[in-house]
Protein chains: 2
Amino acid sequence: MRKHEMSDRQAEIYQYIVRFIRERGISPSIRDIQRDLHISSTSVVSYNLDVLEKLGKIVRNDKISRGISLPGLTPTMLRNEIGRVPLLGTITAGSPLPDPEEIDISRAEQIVVPADVVPPERLTNVYALKVRGQSMIDALIDDGDIVLLRQQETAENGQMVAAWLIDENAVTLKKFYREEGRIRLQPANSTMQPIYTHPDNVRIRGRVIGVLRSLI
Amino acid sequence: MRKHEMSDRQAEIYQYIVRFIRERGISPSIRDIQRDLHISSTSVVSYNLDVLEKLGKIVRNDKISRGISLPGLTPTMLRNEIGRVPLLGTITAGSPLPDPEEIDISRAEQIVVPADVVPPERLTNVYALKVRGQSMIDALIDDGDIVLLRQQETAENGQMVAAWLIDENAVTLKKFYREEGRIRLQPANSTMQPIYTHPDNVRIRGRVIGVLRSLI
DNA sequence: TACTTGACAAAACAAGTGTTCGGAAGTTAT
DNA sequence: ATAACTTCCGAACACTTGTTTTGTCAAGTA
């Protein structure tokens, strides 16, 4: 058995289950899977379902009909009301941002994102960071907020981005403006001064596409 | 048949189904219900399930095992990962806040709230408003944000509230401070001046307990 | 009274459905 | 190459489960 990967057939079965539950609200039977995926025998389906269960992708409820359930992937998600993104760490101005590619995303804590904030279909390559300190308050982001970032290397003028200043080795959330020969990183508060720097000194790590704040 | 009410037995069955799906993630079978509720016959269960379906409480999927699903009440909700609150309208500084008690909450658009922002068990008497204009930007709240408010008449010092200034007939989001003989409504931005007014001129409509912002 | 309707009961029926088993074919490791 | 393991196949088996049928009984209702 592969370590953590599904075979093509297993992926096909898994996607079928996800789609079935999304559309019908109930689990498919083994024979549903067999018929619609043109699999020769129910035993093959059963065998691969066992593999999927060992991979933690599904849960089989022994001996009961339509007993497949999806841990962590529920009908509400599938109805596109919410999605999930990994919470990759904490960001503080001045400290380096953890590199999203270096982290085992499947093991990271998951944050629920309502479709009203970011539609689930636009949630690929999105991760979350918890803001520590009030150093981004000028960008309407407060201590304890959770920011949602889409991983990208470029940005349009005016977008809020997480920018890595290489020389300073600091990451900061600012509005991004490309000007003649330089980059302007503009706080949202007019009492704060913008940062001007050379384009080569800036790496965009992601663009802020949502904020969640709890004041309880 | 009653117009819209469940009989005791139907309510019992309905609650059993909800509990079953919450705990097991799959629908119960008719015989599960019969056994655990000590009902004499499967046909009685089937009969009452038909009634529940006509009431819109459940959906029966014809002839397939464990085919009961709950419209609008999903496993994710039951697992307390999200809740819902009604979106009662738009708030703009200067315009009156719609009175939450006057609105048919059951008909209002529902906003999904992640447990990370407000735990579902604390979501009673909470409603949402969409912020129009940038007049609350000093309170870290921007145009288009959705604010979550708990309906309450009083507040502690420092809490952010929706306050109704009676004479001015204006609603504003500010931090609330009770001082000697007056109320101070403090913006979060030090460049803005606080509002001082007489306690009789202020009615607290609710306290801000969460913010959702989409920048897409 | 006679008729209708809602609610329930018991049993049997007919599918639906998960499981098992012997064996074949392909893959990987030694 | 040989062994060990994975994956697949076809069929049968046995249990699970929704449905149907035939009644009973009480409460309305004309």
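Helices (H or I, at least four residues) and strands (E, at least two) are DSSP runs, numbered from the N terminus.

Before going on, a word about the model: it is predicted, so local features need pLDDT of at least 70 and side-chain atom pairs count only at pLDDT 80 or more, while totals for chains, interfaces and linings use all residues. Residues are numbered from 1 along each chain as its sequence is written, and chains are lettered from A and ligands numbered from 1 in the order in which they are written.

Which residues of H3(A) are buried? They are A:Val45, A:Asn48, A:Leu49 and A:Leu52. These buried residues line one face of the helix, because they fall within an arc of 110 degrees when seen down the axis of H3(A). The arc is that of the directions from the helix axis to the C-beta atoms.

Now look at chain B. There, B:Val45, B:Asn48, B:Leu49 and B:Leu52 are the buried residues of H3(B). They lie on the same side of H3(B), because they cover an arc of only 110 degrees around the axis. The face turned away from that buried side carries the exposed residues B:Ser43 and B:Lys54.

The table sets out the span of each helix; the expected span is 1.5 Å times one less than the number of residues.

| Helix | Residues | First to last C-alpha | Expected span |
|---|---|---|---|
| H3(A) | 13 residues | 19 Å | 18 Å |
| H3(B) | 13 residues | 19 Å | 18 Å |

After H3(A) comes A:Gly56, with a positive phi near 80 degrees. H3(B) is likewise followed by B:Gly56, whose phi is positive, near 80 degrees.

B:Asn48 and B:Ala11 are 37 residues apart in sequence, and their C-alpha atoms are 9.7 Å apart in space. B:Ala11 belongs to helix H1 (residues 8-24) of chain B. B:Ala11 counts as partly exposed because 14 other C-beta atoms lie within 10 Å.

A residue is near a strand if its C-beta atom, placed from the backbone, lies within 6 Å of it. Of the 26 residues around DNA strand C, the nearest are A:Ile30, A:Ser43, B:Ser40, B:Ser41 and B:Ser43. Two or more residues of this surface come from each of helix H2 (30-36) and helix H3 (42-54) of chain A and helix H3 (42-54) of chain B. H3(B) gives the most, with six residues. The surface near DNA strand C divides into seven nonpolar, 13 polar and six charged residues. Here Ala, Val, Leu, Ile, Met, Phe, Trp, Tyr, Cys and Pro count as nonpolar, Asp, Glu, Lys and Arg as charged, and the others, Gly among them, as polar.

DNA strand D is surrounded by 26 residues, and the closest are A:Ser40, A:Ser41, A:Ser43, B:Ser29 and B:Ile30. Which helix gives the most to the surface near DNA strand D? It is H3(A), with six residues. The residues near DNA strand D divide into seven nonpolar, 13 polar and six charged.

Most residues other than glycine have a negative phi. A:His38, in the loop between H2 and H3 of chain A, has a positive phi near 55 degrees. A:His38 counts as exposed because it has 6 C-beta neighbours inside 10 Å. In chain B, B:Asn125 has a positive phi of about 60 degrees, and B:Asn125 sits in the loop between strand S4 (109-114) and strand S5 (126-131). B:Asn125 is exposed too, because it has 12 C-beta neighbours inside 10 Å.

**Cores and chain A as a whole**

A nonpolar core is a set of buried Ala, Val, Leu, Ile, Met, Phe, Trp, Tyr and Cys residues joined through C-beta atoms within 7 Å. The largest nonpolar core has 68 residues, and A:Val147, A:Leu148, B:Val147 and B:Leu148 have the most contacts inside it. A second, separate core of 13 residues includes A:Tyr14, A:Ile21, A:Ile30 and A:Leu49.

Finally, chain A has four helices and 11 strands, and 36% of its 216 residues are buried.

Technical notes: Buried ≥ 20, exposed ≤ 12 C-beta atoms within 10 Å, placed from the backbone.
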